[in-house]
Amino acid sequence: MMKRLRHPLLALVLLVPISAQAETKEEWITLGTRIHGAFGPFIPVGIRIGLDAMEKLHPGPRELTVTYYNGTKPPCPCVADGVMIATHTSPGQGTLQISPDRAPEGMMAVIIITNKQTGESLRYSIKDEWMPKILAWLKSDPSSRYDTAMSAEGLFQVEQVK
């Protein structure tokens, strides 16, 4: 009897999708480091935004698109890499684009995340005032960077796009 159950159970386990929310802090750090080359302080900011969008937009596989608008000041759009891994989007799929247009004055970044199936969009804005705070996280280890980004109050504003 037990031998018979092994195969159906194995098939069930293999067919159940694994969601991004199942990632542990250590897995996010490993993935962020692998994709970006290091787990700098902007990667967990993007992961937090991406996870928030996943929770609010309830997408199926490959149902999100992301448009990232960088601010007028450095850094490069490192936050986009965190958003990319949390939302399962990519430039190769055409589901993540870095806009040549800039974010409005006073914004470090603006990220528009859209559910292609429902048409619902969210706008995430990070104010320039966060730049020195986020850069200060460089003094901490990756685990602390992740924890700080996940708990930072007021890190971004989110609103529905009409």
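**Exercise 1.** Which side chain meets Asp52 in a salt bridge, and what is the N to O distance?

*Solution.* This is a predicted model, in which local features need pLDDT of at least 70, side-chain atom pairs count only at pLDDT 80 or more, and totals for chains, interfaces and linings use all residues. Residues are numbered from 1 along each chain as its sequence is written, and side-chain values use heavy atoms, with hydrogens and water left out. Begin with the rule: a salt bridge is a side-chain nitrogen of Lys or Arg within 4 Å of a carboxyl oxygen of Asp or Glu. The partner of Asp52 is Lys56, at 3.0 Å from N to O.

**Exercise 2.** Is Asp52 buried or exposed?

*Solution.* Recall the cut-offs: buried means under 20% relative accessible area, exposed over 50%, and partly exposed in between (1.4 Å probe, protein chains only). Asp52 has 18% relative accessibility and therefore counts as buried, while Lys56, at 35%, is partly exposed.

**Exercise 3.** Where in the chain do Arg123 and Glu159 lie?

*Solution.* The side chains of Arg123 and Glu159 form a salt bridge of 3.2 Å, N to O. Arg123 lies in strand S4 and Glu159 in strand S5 (residues 157–161), so that the pair, 36 residues apart, links distant parts of the chain. Finally, check the accessibility: Arg123 is partly exposed at 28%, and Glu159 is partly exposed at 42%.

Definitions and conventions. Helices (H or I, at least four residues) and strands (E, at least two) are DSSP runs, numbered from the N terminus.
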